[in-house]
Amino acid sequence: MKSIDQLQDLKGMTVLLRTDFDVPVVNGSIAEPFRITRQKATVEYLVSRGAKVVLAAHISAVPSFEPLKPQLEQLLGVTFGDAVTLVENTRLNPGEEKNDTSFAHELVAGCDIYVNNAFAVCHRPHASVVAVAGLLPSYAGLLIKEETDALSKFIDAPAKGKVVYMGGAKASTKAPVVRHMIAKAEFVAVGGILANDIYKVLGRDIAQSQVDDNAAELLEGLDLHDPRLVIPTDAITENGQMLDIGPHTAAAFSALAAAASMIVWNGPMGRFEDARFMTGTEAIAHAIIASGALSIVGGGDTIRAVDSLGLLEKFTFVSTGGGAMLAFLAGEQLPGLKALGYYDHDESKTP
Ligand code: ADP
Ligand code: MG
């Protein structure tokens, strides 16, 4: 994979930068700027080397970037004009999600090189992520380098001392991570709805707890009695619903962190939006920080939970990728990374 640190002089060049501005918007205002501020270094890198930068991104919270432009300028430390321009929300064009070549041609018009710095959309085969890379010399931005370096460092390290915490909802995106990481980690500790799914498949009483209809299918191929798979032994319940891990589980999960040298965490342990079910998530956050282990945390809700505790900056690495981080940890090839040549080295080994 070529990355922009190989590019020094960009005078006279126009760069199409696929960036990540997919942030929550409340009352017309950017509610959480983390993803935008993580783009700043790459924008600065390109501008300071003389490039004209055309920013392309999508946003789900609002239809258009137009009313957000003053905030974006402030967060990025740029003024939109000649040197830096912003293309309208790419997902307004039906070609974006279809990975359409003619939309890709529209995007690259007038540009000399393509830089992808939107790690969080690399698991999506969209035009501004994949098709454009076939049309111009393509490079990874600084953030994509950082994200892939951090996650691959974790995956490639020896299993001993590695702990993965998985919680939250959307079990269909989490089960593949458990399946892939179980053999590569010392322990995989599971909370949230995925833990309910495991209970259900084990035939335990889940009462009214939330589970996935296809729990058995999601967990197929995973040995639920594997000693490396650590599941809750107690829960905090309300109206027959398990809504958080219980105190014994929180203590047992925390003990795993204390002995770990590297930790990845995605997914709150319970329904953290209600303070009564935040205890497990809070315990895990504190345990990870206290362990002194290299720590990687990701997922929109997980970051929100940790941030509300004021603990986010205590983690070694905060990933901007929710789904992309999970796909990476599940051992999948991400289309956006593939388009940048990230997997080329591995492919050359297969005849
Ligand atoms: P992330 O965005 O960090 O990847 P998810 O979106 O997968 O996390 O999951 C977060 C959601 O999971 C939260 O809304 C939380 O309330 C919910 N959740 C976690 N555990 C439970 C539980 N036991 N029962 C119901 N909801 C839960
Ligand atoms: Mg979420």
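Modeller: Ligand 1 is surrounded by 20 residues, the closest being Ala169, Lys174, Glu273, Asp301 and Thr302 (a residue counts if one of its heavy atoms lies within 4 Å of the molecule). This is a predicted model, where local features need pLDDT of at least 70, side-chain atom pairs count only at pLDDT 80 or more, and totals for chains, interfaces and linings use all residues. Residues are numbered from 1 along each chain as its sequence is written, chains are lettered from A and ligands numbered from 1 in the order in which they are written, and side-chain values use heavy atoms, with hydrogens and water left out.

Biologist: Which atom of Thr302 lies 2.4 Å from an oxygen atom of ligand 1?

Modeller: A polar side-chain atom. Glu273 also puts a polar side-chain atom 2.5 Å from a ligand 1 oxygen, and a polar backbone atom of Ala169 is 2.9 Å from an oxygen of ligand 1.

Biologist: And how much of ligand 1 does the protein bury?

Modeller: 90% of the 580 Å² that ligand 1 exposes when taken alone (Shrake-Rupley areas, 1.4 Å probe).

Biologist: Which element gives the largest share of the shell around ligand 1?

Modeller: H12, with three residues. By type, the shell splits into six nonpolar, nine polar and five charged residues.

Biologist: Switching topic: what order do the strands of the six-stranded open sheet come in?

Modeller: E10-E9-E8-E13-E14-E15, with parallel pairing. Strands E10 (229-230) and E15 (317-318) are the edges, each pairing on one side only. Strands here are DSSP runs of at least two residues, helices of at least four, and two strands pair if DSSP finds at least two bridges between them.

Biologist: How many bridges join E13 to E14?

Modeller: Five, between residues 262-266 and residues 294-298. Met262 sits opposite Leu294 in E14.

Biologist: Last one: what's the volume of the second largest pocket?

Modeller: About 240 Å³. A pocket is an open set of points on a 1 Å grid where a 1.4 Å probe fits, with protein on both sides within 12 Å along at least five of seven lines; lining residues have an atom within 4 Å of a point. Helix H6 (residues 142-156) gives the most to that lining, three residues.

Notes: Grid points are joined across faces, edges and corners, and a volume is the space filled by probe spheres set on the points. A polar contact is a pair of N or O atoms within 3.5 Å; within protein, one must be able to donate a hydrogen and the other to accept it, and residues adjacent in sequence count only if both atoms are side-chain atoms. Ala, Val, Leu, Ile, Met, Phe, Trp, Tyr, Cys and Pro count as nonpolar, Asp, Glu, Lys and Arg as charged, and the others, Gly among them, as polar.
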